Amino acid sequence: MPHTEPLQDETPAALTLLLENHRAFLRYLERRVGDRHLAEDILQDAFIKVVDRPDQAPAGEGVVPWFYRLLRNAAIDQFRRRGAATRAVEAFARELETHAAPEPEMKAEICACVTRLTGTLKAEYAEALRAIDVLGTPVKAFAEQRGLSANNAGVRVFRAREALKKRVVESCGTCAEHGCRDCTCQARG
C-alpha cells in the first residue's frame with residue numbers, strides 16, 4: 001500500500017510520492033481519456049499545479065487519493081472543453097450549409113477594406129480566412145495541410161471570422177451592418 005502523507009505536512013516527500021506513482025496515474029488517465037498523449041498532457045498539467053501550489057491538498061487526506069481526484073476532475077474538464085469545441089464546429093458547419101453565396105455583382109461590390117482588415121488579424125487567423133473563405137479550401141483539407149485536427153481548424157476559422165467581423169464594425173461602423181454596397185471606408189483607412 002502506498003504511503004499517503006498529506007501534501008502540506010511534508011511537501012518534498014509528498015511530491016516524491018506523487019512522482020513514484022507517475023505510471024499508475026498515467027494508466028488511470030489513459031483508461032479514462034482513451035489517448036496516451038492527452039493523458040500525458042493532463043498529468044503534466046496536474047503535476048505543475050501541485051508544484052506551483054503544494055498547499056492545495058486538504059489537510060488530513062492522503063496525497064495519492066487526493067491526486068487521483070484531481071486527475072479525475074481534470075479529465076472531466078477536458079471532456080467538457082472537447083465537447084464545447086465539437087459543438088462550435090457543428091454550429092459552424094450548420095451555418096455553412098444554410099449560408100447562401102452572394103450574387104456575382106454583390107460579390108464584386110463587397111467592401112475592399114475586408115481584405116485590408118484581414119491583414120491586421122493574427123497570422124493564423126488571416127491564413128485560415130484566405131485559405132477557407134477566399135480560396136474555398138474545405139476546412140478538413142485546411143486542417144490536414146496544417147497538421148491540425150478538423151475541430152481545431154473549425155474553431156480557428158470561427159474565431160477568425162469573429163475577429164474580422166469585430167474589425168469591420170470598428171472600421172466601417174454602420175456600413176458593416178447594412179452591407180458594404182457603397183463603401184467609402186477604404187479611403188478613410
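Which residues of H3 are buried? Select helix H3 (residues 36-52) and you will find Leu 38, Ala 39, Ile 42, Leu 43, Ala 46, Phe 47 and Val 50. Here buried means under 20% relative accessible area, exposed means over 50%, and partly exposed lies in between, with a 1.4 Å probe and protein chains only. An α-helix has 3.6 residues a turn, so residues three or four places apart point the same way.

Before we go on, a word on what you have open. This is a predicted model, in which local features need pLDDT of at least 70 and side-chain atom pairs count only at pLDDT 80 or more, while totals for chains, interfaces and linings use all residues. Residues are numbered from 1 along each chain as its sequence is written, and side-chain values use heavy atoms, with hydrogens and water left out.

**Whole chain**

Colour by pLDDT, the predictor's confidence in each residue from 0 to 100. The chain has a mean of 77, and 75% of its residues reach 70 or more. Confidence is highest in helix H2 (residues 22-33), at a mean of 91, and lowest in helix H11 (residues 185-188), at 47. Select residues 1-9 as well: pLDDT stays under 50 there, and the model has 27 contacts for them beyond four places in sequence. A contact means heavy atoms within 4.5 Å.

In cartoon view, there are 11 helices and zero strands. These are DSSP runs numbered from the N terminus, with helices being H or I of at least four residues and strands E of at least two. Of the 189 residues, 32% count as buried.

Select Asn 21, in the loop between helix H1 (11-20) and H2. Asn 21 is buried, with a relative accessible area of 15%. A polar atom of its side chain lies 2.8 Å from the backbone oxygen of Leu 17.

Next, pick Asp 35, which caps the N-terminal end of H3 with a side-chain oxygen 2.8 Å from the backbone nitrogen of His 37. The expected span is 1.5 Å times one less than the number of residues.

Rings of Phe, Tyr and Trp (its six-membered ring) pair if their centres lie within 6.5 Å, with planes under 30 degrees apart counted as stacked, over 60 as edge-to-face and the rest as tilted. By this rule there are six aromatic pairs. One of them joins Phe 25 and Phe 67, tilted at 55° between the planes and 4.7 Å centre to centre. Phe 25 lies in helix H2 and Phe 67 in helix H4 (residues 63-98), so the pair ties together parts that are 42 residues apart in sequence. Both Phe 25 and Phe 67 are buried.

Now move to Tyr 28 and Tyr 68, whose ring centres are 5.0 Å apart with planes at 75°, so this pair is edge-to-face. Tyr 28 is buried at 11% relative accessible area, whereas Tyr 68 is partly exposed at 26%.

**Last stop: H7**

Select helix H7 (residues 123-134). Its buried residues include Tyr 125, Ala 128 and Ile 132. The charged end of Lys 122 sits over the ring of Tyr 125, 5.0 Å from its centre; the rule asks for NZ of Lys or CZ of Arg within 6 Å of the ring centre and within 35 degrees of the ring normal. Finish at Gly 136, which follows H7 and has a positive phi, near 80°.

Note on methods:
A polar contact is a pair of N or O atoms within 3.5 Å; within protein, one must be able to donate a hydrogen and the other to accept it, and residues adjacent in sequence count only if both atoms are side-chain atoms.
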